Amino acid sequence: MSGRAQLMWDEAVTGYDFGPDHPMDPVRLALTRGLVDAFGLDREVDVVAAKPAGESTLRLVHREDYIEAVKAASLDPGAADPAYGLGTVDDPAFAGMHEVSALIAGQSVGAAEAVWHGEAAHAVNFTGGLHHAMPGAASGFCVYNDAALAVARLLELGAERVAYVDVDVHHGDGVQAAFWEDPRVLTISLHETPRTLFPQTGWPEETGADAAEGSAVNVALPAGTGDAGWLRAFHAVVPELIEEFRPQVLVSQHGADTHFEDPLAHLAVSLDAQRAVQVACHELAHAHADGKWIALGGGGYAVVDVVPRSWTHLVGIAAGREIAPETVIPEGWRQQVYARTRQLAPGRMTDGRWPVSWAEWEAGYDPADRLDQAVLATRRAVYPLRGLLA
């Protein structure tokens, strides 16, 4: 296995652009790439531009009629078929949509191939993590589900157990749906409760089909959950399940929209807690998956203050060159941000909450606490199905 990580990047991914008034602003990708460069992380990783996912690869997850609908909308956005989730407010059609969506998917599939074949220790595709796309429809800003395609490609290559951990503020519904009946894939999603946030799925009782009961895990967090609760929930559920499942590869999705500045959701997590979970996923991959780790981006709509810093931390962790939270951000990148957005960039790689702390689950729980109630609901729904004590 190569000791270096791969960073999947092709400048053309910034063409994934739903228009000037859409929250999914591709400047977040360009600014992240610029901050990675500003810290010299591009010299610590192999920067690789994988080929777009071909139709046979896309069909590992997506229906052929849906792929044809995306291609048709890509050629003529005005004729997009809303029956496939295209041409909607969330997923407006745009010229070249199929090509750039397939390119993003190809980066995640390429990451999976590189890690599986031992060409890279870890691989990061922060342009991916488009976890809402369904087999037959676009959804939630997502056209092709690169996360599910990466997992499906690992299975095609011979993997028998793949774990997928999703810490985006929204439920990883598309990945769960893709593997609902497949016990070879353990999907774990920590997200804001469906009571208050799209896509209104991801209840603890969603545990997988009869033949795969216990392979879907959902932690539905109360709105307003902050660092201590978020980290308590993660550590109360994820490590024990990963240890029991013994995955050959860990795929994680790191949507940055859990942040307290994010405009589309209601959690109150800091950049420092996001970094702590990134470190935890890296450690889990080494402890239980022979170090095989594929890390993806996802949501995140505070496109200057949060997304570039969060995903640059992710690249640094994967590269083995963690950026200390208190590190001052290079002035050149801050000038780049102002030139492109007319916004003032943050000055350091922290929200000032490092080191973050939380109460371990083993220390006891409070039955009156809403966060603890959410964690306990998940453990009671899933743990017996996996032979664990709730």
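Which residues point one way from β4, and which point the other way? Val 162, Tyr 164 and Asp 166 point one way, while Ala 163 and Val 165 point the other way. The model described here is predicted.

- Strand β4 consists of residues 162-166 and is mostly covered, with 5 of its 5 residues buried.
- The residues on both sides of β4 are therefore buried, whether they point one way, as Val 162 does, or the other way, as Ala 163 does, where buried means under 20% relative accessible area.
- β4 pairs with strand β5 (residues 185-192) in the parallel sense, over 5 bridges.
- Within this pairing, Tyr 164 has Thr 187 of β5 as its bridge partner.
- Helix α6 (residues 173-178) belongs with β4 and β5 to a β-α-β unit, which is right-handed.
- β4 also pairs in the parallel sense with strand β7 (residues 249-253), over 5 bridges.
- In β7, Val 249 is the bridge partner of Val 162.

**Helix α1**

- Helix α1 runs over residues 27-38, and its 12 residues should span 16 Å at 1.5 Å a residue.
- α1 is mostly covered, since 10 of its 12 residues are buried.
- Among the buried residues of α1 are Val 27, Leu 29, Leu 31, Leu 35 and Val 36, and also Arg 28 and Arg 33.
- The cover over these buried residues includes the strands β1 (5-8) and β2 (45-48) and the helices α9 (307-319) and α10 (331-341).
- After α1 comes Gly 40, which has a positive phi, near 75°.

- Helix α5 (residues 146-157) has 12 residues, and the distance from its first C-alpha to its last is 16 Å.
- That distance is close to the 16 Å expected for α5 at 1.5 Å a residue.
- Because 10 of its 12 residues are buried, α5 is largely enclosed by the rest of the structure.
- The buried residues of α5 include Asp 146, Leu 149, Val 151, Arg 153, Leu 154 and Leu 155.
- Gly 158 follows α5 and has a positive phi, near 120°.
- Gly 158 lies in the loop between α5 and β4.
- Gly 158 is partly exposed because its relative accessible area is 40%, which falls between the 20% limit for buried and the 50% limit for exposed.
- Gly 158 and Gly 110 are 48 residues apart along the chain, and their C-alpha atoms are separated by 15 Å.

**The largest pocket**

- The largest pocket holds about 240 Å³ of space.
- It is lined by 13 residues, of which Thr 193, Arg 195, Ala 220, Arg 370 and Ala 374 are the closest to its centre.
- β6 (216-221) and α11 (370-382) each supply at least two residues of this lining.
- The largest share of the lining, 4 residues, comes from α11.

**Arg 386**

- Arg 386 is located in the segment after α11.
- Arg 386 counts as buried because its relative accessible area is 17%, and the cut-off for buried is under 20%.
- Leaving aside neighbours within four places in sequence, Arg 386 is in contact with Leu 186, Gly 214, Ser 215, Leu 241, Glu 244 and Phe 245.

Terms used: Residues numbered from 1 in each chain as written. Predicted model: local features only at pLDDT ≥ 70, side-chain atom pairs only at ≥ 80, totals over all residues. Heavy atoms only, no water. Expected span 1.5 Å × (residues − 1). Buried < 20%, exposed > 50% of the residue type's maximum accessible area, 1.4 Å probe, protein only. Contact = heavy atoms within 4.5 Å. Pairing = 2+ DSSP bridges. Right-handed = clockwise from strand over helix to strand, strands pointing away. 1 Å grid on protein atoms, 1.4 Å probe; cavity = no way out; pocket = protein on both sides within 12 Å on 5 of 7 lines; lining within 4 Å. Points joined across faces, edges and corners; volume = space filled by probe spheres on them.
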